[in-house]
Each structure stands twice: as structure tokens, then as C-alpha cells.
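This briefing goes through one protein chain, from single residues to the overall fold. Please keep the sequence and the structure in view while reading.

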Amino acid sequence: LYWFMGFLQRRGYPRALTLATTISVWLGSLLYGYGMLFVSHTSSAVVAFVAFGLLYEVERGERQASRLTAAMSGALAAGVTWFEYPGVVCSAVLLGYASYALRGWRLRSTFLLGGLLPAFSMLHFQRSAFGNAFTPGHRYVETAAFRAAHEQGLYGAVGPSAEALYGLLFDPGAGLFMLTPLCWFALYGALRLCREPKTRAAGITVSALCLLSVLAISSMNNWRGGWTIGPRYLAVCLPFLGFAALHGLARLAQRAPVWAEGAALG
């Protein structure tokens with residue numbers, strides 16, 4: 001939470017908007033609940049956004065493009081998948097962003113080397129536990145119905161559905177935009193990030209990460225995930241949506257500061 005708030009403050013956004021965004025993302029969303037429960041969803045969101053933040057500051061020239069930074073961001077990016085399998089989408093998007101933000105093959109190679117530790121540890125675990133390094137544990141869950149569901153399609157991915165998209169995003173009791181209304185401002189903020197030259201690469205990264213994650217989870221036959229606090233499989237998107245929302249609110253504040261701050265605090 002404090003790292004996230006510091007990252008936003010270094011961007012120069014208005015203090016009231018920064019504080020409102022920090023509280024909304026880390027205390028006013030499902031990240032708080034799953035952080036209390038120590039479930040992997042919040043952990044995956046943390047490592048994903050820290051990896052993005054390091055790469056973003058390197059791209060902007062705010063942080064030295066060192067091998068240590070490249071290795072750390074690589075380990076964190078791979079760590080998203082290490083915490084939970086659906087994070088592979090996020091890891092892939094962060095890999096694409098790293099190839100742009102890190103200049104030179106030496107730094108890019110170091111990024112990949114940093115990702116080997118979580119990747120090989122996961123493969124070692126799967127080989128030791130299930131006899132095959134590339135067999136995920138979902139196929140060995142105790143509930144027979146869940147095991148059967150993961151046999152469908154690609155480990156349970158059978159294609160996006162309108163029901164899943166509605167349930168993940170707009171359902172009054174579990175939808176992302178309904179439970180954390182700050183996310184509505186992320187739609188405008190992501191557009192602004194993509195349109196402004198200085199933030200275009202980051203905007204594309206944020207947009208791709210969120211859109212592809214939504215499509216991937218809406219393709220799963222177990223997209224709801226049982227009794228949940230919101231759309232738990234989309235937890236990794238929340239810090240990125242918060243960053244985009246803050247960027248959009250800051251642009252609105254240039255024209256109507258009182259309205260923007262009031263909306264954010266509300």
C-alpha cells in the first residue's frame with residue numbers, strides 16, 4: 001500500500017486524488033479481503049504492479065536501468081504466475097513491456113534470467129507433486145466436479161461468455177465496477193494514457209493486461225470461483241485500474257478540480 005502510494009505521488013498527481021485512489025484500491029476493493037485471508041490473489045496483484053512500476057520508472061528515466069532492476073522486475077513478473085496460474089496472462093504482458101522499457105539485449109536477458117527462479121521452482125514443484133513439470137495442480141483438486149470442469153477445453157477454458165463478462169464486471173453483488181466504483185474512471189484514464197506520447201507504452205500495457213485478463217477469466221467455466229469477495233480472479237488488474245483511474249481523474253481535475261476530488265473521495 002505504501003509503495004503504491006509513493007509510486008503515485010512520484011507521478012505528481014494531486015494529493016487528494018492520490019490518497020483517494022490508494023484507499024480505494026487497497027482498502028476499498030477485494031484486495032483488502034484477500035490480503036486479510038492471505039490468499040494468492042492480493043499477492044499476485046502486488047508483485048505484478050511492482051514489476052510494472054520498476055519498468056515504468058526505467059522507461060521514464062526516473063530509475064537507473066541496472067541489471068539488478070531488470071532481474072528484480074523479471075522475478076516479480078514471473079512471480080505473478082508463480083502465485084496463481086491465471087497470472088500467466090499478466091506475466092506475458094509484462095514481458096512485452098520489459099522488451100520495450102529495457103534497452104539492449106543485456107538488460108532484456110537479465111530480465112528473463114530473473115524470471116527463471118520462480119518459473120523453475122514452480123516446474124520443480126509440479127514435477128515432484130504430480131509427476132509432470134507441466135501439469136497444473138487444478139487436475140488434482142479433491143472435489144470431483146472441479147476436476148471434471150478442468151478437463152474441459154484448455155484446463156477449463158472453454159471460451160468467453162456474456163454471462164461471465166456481466167458477472168465479472170457489472171453484477172451488483174460481485175462485479176468489479178460495482179464493488180470498486182473508482183474503476184469507472186479507469187476507462188477514461190486508460191484512453192488518456194494511450195493518447196499521450198509520454199505514457200503511451202504504459203497505457204497500452206495497462207489496457208492489454210486488463211482486457212486480456214478479463215477475456216481469459218471469462219473463458220473459464222469456473223469464472224465465478226464459488227463464494228467470493230468480488231471477481232477474485234481479476235484481482236491482478238486492480239492496481240493497474242487504479243493507476244489509470246488516477247490519471248483520468250487528474251486530467252479531469254485540470255478543468256474541474258473540486259468535482260474531480262469530490263468524485264474520487266465519494
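Trp259 is exposed, because its relative accessibility is 53% and exposed means over 50%, buried under 20% and partly exposed in between (1.4 Å probe, protein chains only). The model is a predicted one, in which local features need pLDDT of at least 70, side-chain atom pairs count only at pLDDT 80 or more, and totals for chains, interfaces and linings use all residues. Residues are numbered from 1 along each chain as its sequence is written, and side-chain values use heavy atoms, with hydrogens and water left out.

**Around Trp259**
- Trp259 sits in helix α15, residues 257-265; helices (H or I, at least four residues) and strands (E, at least two) are DSSP runs numbered from the N terminus.
- Beyond residues up to four places away in sequence, Trp259 touches Phe185 and Leu252, a contact being heavy atoms within 4.5 Å.
- Leu249 is ten residues from Trp259 in sequence, and their C-alpha atoms are 9.6 Å apart.

- Helix α1 covers residues 2-10, and its buried residues include Phe4, Met5, Gly6, Phe7 and Leu8.
- The cover over the buried residues of α1 includes α2 (15-26), α4 (40-59) and α14.
- Just after α1 comes Gly12, with a positive phi of about 85 degrees.
- Thr18 belongs to helix α2 and counts as buried, because its relative accessibility is 1%.
- Apart from neighbours within four places in sequence, Thr18 contacts Met5, Leu8, Gln9, Tyr13 and Leu246.

**The nonpolar core**
- The largest nonpolar core has 68 residues, of which Leu31, Phe52, Tyr97, Leu102, Phe240 and Phe243 touch the most other members.
- Helix α14 gives the most to this core, with ten residues.
- A nonpolar core here is a set of buried Ala, Val, Leu, Ile, Met, Phe, Trp, Tyr and Cys residues joined through side-chain atoms within 4.5 Å.
- In soluble globular proteins, nonpolar side chains tend to be buried together.
- Phe52 is in contact with Leu94, Tyr97, Ala202, Thr205, Val206, Phe240 and Phe243, leaving aside its neighbours within four places in sequence.

- Ser213 lies in helix α13, residues 200-218, and is buried, because its relative accessible area is 6%.
- Not counting residues up to four places away in sequence, Ser213 touches Val89, Ala208, Leu234, Val236 and Cys237.
- Asn221 is found in the loop between α13 and α14 (238-253), and is partly exposed at 29% relative accessibility.
- Asn221 and Gly203 are 18 residues apart along the chain, with 30 Å between their C-alpha atoms.

**The chain as a whole**
- The chain has 15 helices and zero strands.
- The C-alpha trace spans about 60 × 50 × 30 Å along its principal axes.
- Of the 266 residues, 49% count as buried.
- Among contacts between residues at least 6 apart in sequence, 67% join residues at least 24 apart.
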